[in-house]
Amino acid sequence: MKNLITNEQVISLAFGDGEYLSPEVVLDSDIASATEQYIIPVVGAQLCEEMLNGAQRTLLNDYVAPALAMAVRTMIQPALNVRTGQGGLYIPSSARSDTSIRTTTQALQSSLCHRRHALLKRLSNYLKRNASQFPGYDASHDAMQKCSINGGYVQMR
C-alpha cells in the first residue's frame, strides 16, 4: 500500500520527546484511512495523487505530513490508552483513579484534535494563498474553506 508518509514519520511528527512507540504500532491502513478522512477533503484527490507519485515534495513535507501524522495519532490514541492481551482488555486503574484517568484521556484526545485541526487549517490556508502553484487544488472543494466549528457551532460558507 502506497501512502503519503511512513509509520516512522507518524511517530516522529506526532509524538513528542519521551513518547516512544514502536513504528509497528502505526499500520499502513491507519495512514490510508487518515488520508481519506482528513487530507483528501482538503487537498483534493488530484493533488493527493500527485504527491503519491512524488510531486510537490515541499508541500508534502512542510504541510501535509504534519497534519496527516496528527490525524493518524488522533485515530489511534484511544487504542494506545489501553492494553490488549491474551486475557482481553486491560485498563490500568485503582479504586480512586477511574475519574482522573477518564478526565486525563479526554483532555489528551481533545488537545490532539485541536492540534490536528490547527495543522489542517494551516495546510488549507497555505494552499488557498498559493493556489496558482498547485493546479490540482480547487479551493471550492476544500472542506476547511467551506466549514468551520466555532464555539461548538458549525458554520458553512
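Student: Why is Thr35 called buried?

Tutor: This is a predicted model, and in it Thr35 has a relative accessible area of 7%. Buried means under 20%, so Thr35 counts as buried.

Student: Where is Thr35, and what is it in contact with?

Tutor: Thr35 lies in helix H2. Leaving aside neighbours within four places in sequence, Thr35 is in contact with Leu4, Ile40, Pro41, Cys48 and Leu68.

Student: What does the side chain of Thr35 reach?

Tutor: The side chain of Thr35 reaches the backbone oxygen of Ile31 at 2.8 Å. A polar contact needs N or O atoms within 3.5 Å, and 2.8 Å falls within that limit.

Student: Thanks! Now, what makes Arg73 and Glu19 a salt bridge?

Tutor: Look at their closest N and O atoms, which are 2.9 Å apart. The cut-off is 4 Å between a side-chain nitrogen of Lys or Arg and a carboxyl oxygen of Asp or Glu, so Arg73 and Glu19 qualify as a salt bridge. The structure holds 1 salt bridge.

Student: Which parts of the chain does the pair link?

Tutor: The pair links distant parts of the chain, 54 residues apart. Arg73 is in helix H4 (residues 57–80), while Glu19 is in the loop between helix H1 (7–14) and helix H2 (28–43).

Student: Are these two partners buried, partly exposed or exposed?

Tutor: Arg73 has 3% relative accessibility, and buried means under 20%, so Arg73 counts as buried. Glu19 has a relative accessible area of 33%. Exposed means over 50%, with partly exposed in between, so Glu19 is partly exposed.

Student: How do you know that the buried residues of H3 line one face of the helix?

Tutor: Start with the residues themselves: Leu47, Cys48 and Met51 are buried in H3. Seen down the axis of H3, the buried residues fall within an arc of 100 degrees, so they line one face of the helix.

Student: What comes just after H3?

Tutor: Just after H3, Gly54 takes a positive phi of about 100 degrees. Gln56, in the loop between H3 and H4, has a positive phi of about 55 degrees although it is not a glycine.

Student: Why is Gln56 called partly exposed?

Tutor: Gln56 has 24% relative accessibility. Buried requires under 20% and exposed requires over 50%, so Gln56 counts as partly exposed.

Student: Which residues touch the most other members of the largest nonpolar core?

Tutor: That core has 37 residues, and Ile39, Val43, Leu59, Val64, Leu123 and Leu127 touch the most other members. H1, H2, helix H3 (45–52), H4 and helix H5 (98–129) each supply at least two residues. H4 gives the most, with 12 residues.

Student: What is Ile39 in contact with?

Tutor: Leaving aside neighbours within four places in sequence, the contacts of Ile39 include Leu4, Val64, Ala67, Leu68, Leu120 and Leu123.

Student: How many helices and strands does the protein have?

Tutor: There are 6 helices and 4 strands, and along the sequence they follow the pattern α-α-α-α-β-β-α-α-β-β.

Student: How much of the protein is made up of buried residues?

Tutor: Buried residues make up 35% of the 157 residues. The accessible surface comes to about 9300 Å², and 53% of it belongs to carbon and sulfur atoms.

Technical notes
Residues are numbered from 1 along each chain as its sequence is written. This is a predicted model: local features need pLDDT of at least 70, side-chain atom pairs count only at pLDDT 80 or more; totals for chains, interfaces and linings use all residues. Side-chain values use heavy atoms; hydrogens and water are left out. Buried means under 20% relative accessible area, exposed over 50%, partly exposed in between (1.4 Å probe, protein chains only). A nonpolar core is a set of buried Ala, Val, Leu, Ile, Met, Phe, Trp, Tyr and Cys residues joined through side-chain atoms within 4.5 Å. Contact means heavy atoms within 4.5 Å. The arc is that of the directions from the helix axis to the C-beta atoms. Accessible areas come from the Shrake-Rupley method with a 1.4 Å probe; for residues, only the protein chains shown count as cover. A polar contact is a pair of N or O atoms within 3.5 Å; within protein, one must be able to donate a hydrogen and the other to accept it, and residues adjacent in sequence count only if both atoms are side-chain atoms.
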